[in-house]
Amino acid sequence: MTMFNKKILKLFLTFFTIITLNFSLPRLMPGDPFYFLSGEQGEITVSYSDEEIQRQKAYYGLDKPVLVQYGRYLVNLARGDLGYSIYFSNDVWTIIKNRIPWSVSLVLLSVIIGGFAGTILGCLSAWHRKGPIDNILYSTMVFVSEIPPFLIGILFLFYLAAQQGLFPLSGGMTPFADYATWMERLLDIVHHGFLPALTLSAVQMGGFFLIARNSMITVMNKDYMTTARAKGIGTARILFRHALSNAALPIVTRMFNSIGQAVGGTILVENVFKYPGLGLLMRQAVLVRDYPLIQGIFLTVTLFVLIMNYAADIIYKRLDPRIV
Amino acid sequence: MIDDASHIKRIFNSGQNICPPNPCPVLYGSICTPACETSWDTPSGPALQAPNREHILGTDDLGIDLWAQICYGARNSILVGIGTALLSSLIGVFLGIVSGYFGGITDLIVTAAIDILMAIPSLPIMIVAGAFFGPSTKNIIIILSFLSWVMPARIIRSKVLALKEESYIKVAKGYGASFSYITFKHFMPQIFPICATSFIKLISRAIVSEASLSFLGLGDPTSKSWGLILNFALNFRGIYFTDYWKWWVVYPLAFIIILVLSTATLSRELERVLDIKIAGQ
């Protein structure tokens, strides 16, 4: 029980740090909001008189002491109010809400597909340990797991989409398309999402492969494996029923932990394929310096990752009876 | 007790084991020499030329030689890589030793900081920090170091925790040895292999992070880093419908991949030779 409380405390502390960081970053930054509101350097700018600046500051509560501002920020957050986007002229949370499904489905799909493919290849590799299949698979996977995902994405984009014309170049679905049935719509979305998902799964696969292979090799040396083989059961049954079910624990944990990593990869890959998720939105927000939106996305993404990490802890405990 | 020299000897004695096909030294060598007299920031020929004798990797949309840009970008990548690795190793080693040795409230604070930084996904925080503090090579190094000192600190802390209980350290302390004496005489030689391996790992990670940031357009806009070349190329209208990508995109991409893979194999080999395991994040 104390262990559980400690985890909760840690989660809370981490989230609190992120909120505080989010609050203090714009205030630590050189310059002030009026500089950015009045335009870029060198442009013809609208200048504010002192009186106007005072009025604006009072309106946004910037004339209050920092602690009061902080308190107000926390209250607003608790109400689910992330602020108002300057560029899109809309509520930040409304904008983010529309983008979440794209990103989350990409992250989850890539972890699931990459996880399954990596695990199966890892089992294969462990079974043929030290043989030619293992050697080839192992060295390829080590390399694949080191290459940053957005580079693989660019390669896919130029070879499969631009050169071969197999996939659309950008976007999440065909703009202004009329779909006769929901099936057509779904196919269009799958067609657009295929390359981003493939890229991210390819990178995830490397990590899963290495973990699955290691875990399987440990299990393969156990006595009950020798027994199973002596009984004359088929290879597939030994591999997947006897070995994999005992080697699955680290793989499942990895699945949840790698969601955190996948988020970083997704932000970059979305920008390669101009996929309409949170990553693309974040870059747009950075380019137009829409600070409330940047902060809102940051908060959403980190909260998602923290919750997933916490879920990994809980699931690990459920699956492994040895941990109290 | 093992001293510094024997570790270095172990690295060099196994010289032939450090992957012979590793192109890392070759790459550094070819880039650090002033290989190209062509300018990296002014046009030196017709725009969008395919690789030819004059421009061995072709030119971009402004007619700037790509090989010159890649040479210059390498300097940037390596500067960010080594700068970040140095800064974050310094912070990480110091905090790791201090929190492991003294324990108590210092340890509590450092461990909490490590836990928090481990849990936060690093790319979003880099983007946010880059957006707020403005893109410059110095800022990128500072941000990356702030996020990556955790890796050496965590391992070194646990190593020091174990070492602290050794009898020779206790004896030295009994004779009145100071913290700095124990650190430099006893801890440092033991920690050295961990430092070396994590140093290379940090370089590799920093290079990838810098390339990602500048690909997103958050790198230093005044210096042509590899990620920025890719950013410009992908933002060029019609890049998908022409053959320009065959040199404009492929070469910078290939150079990033080669550099990342070679540092990665180097760190793997180092781990194997020095027989330590640093769990990747």
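In this predicted model, helices α9(B) and α10(B) pack at an angle of about 30 degrees, and their axes lie 7 Å apart. Because angles under 35 degrees count as roughly parallel, α9(B) is roughly parallel to α10(B). The way in which α9(B) passes α10(B) is a right-handed crossing. On the side of α9(B), the residues that take part are B:E210, B:A211, B:S212, B:L213, B:S214 and B:F215, and they meet B:W226, B:G227, B:L228, B:L230 and B:N231 in α10(B). Sorted by class, the residues of this contact comprise six nonpolar, four polar and one charged.

Is B:L230 buried or exposed? There are 22 other C-beta atoms within 10 Å of B:L230, and a residue is buried if 20 or more lie within that distance, so B:L230 counts as buried. Leaving aside residues up to four places away in sequence, B:L230 touches B:F215, B:V249, B:P252 and B:L253, and also A:I154, which belongs to chain A. Distance in sequence and distance in space can be set side by side for B:L230 and B:L163, which are 67 residues apart along the chain and 47 Å apart in space, from C-alpha to C-alpha.

Helix α9 (residues 179-215) of chain B also packs with helix α12 (residues 250-274) of chain B, here at an angle of about 165 degrees and with the axes 9 Å apart. Since angles over 145 degrees count as roughly antiparallel, α9(B) and α12(B) are roughly antiparallel to each other. In this case α9(B) passes α12(B) in a left-handed crossing. The contact of α9(B) with α12(B) has 14 nonpolar, four polar and two charged residues. Among the residues that α9(B) gives are B:P193, B:I200, B:K201 and B:V208, while those of α12(B) include B:I256, B:V260, B:L270 and B:E271.

Another helix of chain B, α5 (residues 122-133), can be checked for its length. The buried residues of α5(B) include B:L123, B:P124, B:M126 and B:G130. Just after α5(B) comes B:G134, which takes a positive phi of about 85 degrees.

Taken as a whole, chain B has 12 helices and zero strands. Of its 281 residues, 43% count as buried. Among the contacts in chain B with a separation of 6 or more, 71% are accounted for by residues 24 or more positions apart.

Finally, chain B touches chain A in a contact that takes 35 residues from chain A and 31 residues from chain B. On the side of chain A, the elements that give two or more residues are α1 (2-28), α6 (132-146), α7 (149-163), α10 (235-273), α11 (278-287) and α12 (291-319) of chain A. The residues on this side of chain A divide into 25 nonpolar, seven polar and three charged.

How values were computed
Residues numbered from 1 in each chain as written. Chains lettered and ligands numbered in written order. Predicted model: local features only at pLDDT ≥ 70, side-chain atom pairs only at ≥ 80, totals over all residues. Contact = placed C-beta atoms within 7 Å. Helix = DSSP H or I, 4+ residues; strand = E, 2+ residues; numbered from the N terminus. Nonpolar A, V, L, I, M, F, W, Y, C, P; charged D, E, K, R; others polar. Axes fitted to C-alpha atoms, helices over the stretch in contact; angles between N-to-C directions. Parallel < 35°, antiparallel > 145°, perpendicular 65-115°, else oblique. Left-handed = near helix turned anticlockwise from the far one by under 90°. Buried ≥ 20, exposed ≤ 12 C-beta atoms within 10 Å, placed from the backbone.
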